Amino acid sequence: SYVCPFPVDKNEFYYNPALRKSMRQDWGLEEDAVAFVFTGRLSRQKRIHTMLRCFSEFLSTNETSNAHLYLYGNPDHIGDQFLGKWESENEY
């Protein structure tokens, strides 16, 4: 059997309770607030539009109204050429 290690440097990416608390303070989040964070390319290929729709549905069907979605990334203007979808400049 072969184990494929997770391709992330554990010295650079790790859980830090102090940093978590600091970020929540920067964002103005209360202790009971739920934070969803996306990091990556903002593109059709990453299905950002689906994530936004799901988050909206989550808010409308969940009693937790104290939820927040944070998106971090740059648009890539790639679209989905295999489906014939081309992005307009700054669409995302």
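Student: In what order do the elements of the protein run from the N terminus on?

Tutor: They run α-β-α-β, and the total comes to two helices and two strands. Helices (H or I, at least four residues) and strands (E, at least two) are DSSP runs, numbered from the N terminus. This is a predicted model, where local features need pLDDT of at least 70, side-chain atom pairs count only at pLDDT 80 or more, and totals for chains, interfaces and linings use all residues. Residues are numbered from 1 along each chain as its sequence is written, and side-chain values use heavy atoms, leaving out hydrogens and water.

Student: Is Leu 42 buried or exposed?

Tutor: Buried means under 20% relative accessible area, exposed over 50%, and partly exposed in between (1.4 Å probe, protein chains only). Leu 42 has a relative accessible area of 11%, so Leu 42 is buried. Leu 42 lies in the loop between strand 1 (34-39) and helix 2 (48-61). The C-alpha atoms of Leu 42 and Tyr 72 are separated by 8.1 Å, although these residues are 30 apart along the chain.

Student: What percentage of the residues in the protein is buried?

Tutor: Buried residues make up 17% of the 92 residues.

Student: How many disulfides does the structure hold?

Tutor: A disulfide is a pair of cysteine sulfur atoms within 2.5 Å. Here there are zero.
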